[in-house]
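Biologist: I am new to this one. Can we go through its charged pairs, step by step?

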Amino acid sequence: MTFGTFDMFHPGHVYYLSEARKLGDELITIIARDVTVSKIKGRLPREKENVRLEKVWNSGIPTYVFLGSEESPYEAIYKHKPDILCFGYDQRSFNDERLEKFLKENSIQPKIIIISPFEPEKWKSSKL
């Protein structure tokens with residue numbers, strides 16, 4: 001399972017998803033809701049959530065693509081109980097002690113993998 005805003009879908013995102021896809025039989029990708037992005041980043045994404053979802057789906061990399069929950073960032077983890085959670089090298093707001101607490105409280109024990117960056121000086125949404 002992967003997570004992200006995927007604003008201005010670019011080769012760095014393709015790399016992240018492709019590397020995660022190599023780790024399992026299926027890849028579920030959760031797209032951050034506009035309201036969630038606004039809370040975390042203090043601004044709305046440049047592209048609306050449905051546009052971002054469509055671009056990720058059209059990449060052909062994930063097996064499933066869903067919008068995240070507006071109530072709980074961990075709802076998809078609880079629902080799907082993935083064997084592996086993959087995060088990008090710069091994803092800090094979601095992958096922290098709150099996630100560890102949630103996993104422990106719900107007896108979910110996925111392997112957590114941090115995917116290395118792909119040309120971050122060039123392919124980072126905040127720099128585009």
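Modeller: Start with a cut-off: buried means under 20% relative accessible area. Keep in mind that this is a predicted model.

Biologist: Why is D96 called buried?

Modeller: D96 has a relative accessible area of 15%. The cut-off is under 20%, so D96 is buried.

Biologist: What makes D96 and R98 a salt bridge?

Modeller: The limit is 4 Å between a side-chain nitrogen of Lys or Arg and a carboxyl oxygen of Asp or Glu. In D96 and R98 the closest N and O atoms are 2.5 Å apart. That is within 4 Å, so the pair counts.

Biologist: Are K55 and E47 buried or partly exposed?

Modeller: K55 is partly exposed, at 35%. E47 is buried, at 11%.

Biologist: What separates K101 and E105 along the helix?

Modeller: About one helical turn, because they are 4 residues apart in helix α5 (residues 97–105). K101 and E105 form a salt bridge, with the closest N and O atoms 3.8 Å apart. Both K101 and E105 are exposed.

Biologist: Which residues are linked in a network of salt bridges?

Modeller: R33, E49 and E70.

Biologist: How many salt bridges does a search of the whole structure find?

Modeller: The search finds 8.

Terms used. Residues numbered from 1 in each chain as written. Predicted model: local features only at pLDDT ≥ 70, side-chain atom pairs only at ≥ 80, totals over all residues. Heavy atoms only, no water. Buried < 20%, exposed > 50% of the residue type's maximum accessible area, 1.4 Å probe, protein only. Helix = DSSP H or I, 4+ residues; strand = E, 2+ residues; numbered from the N terminus.
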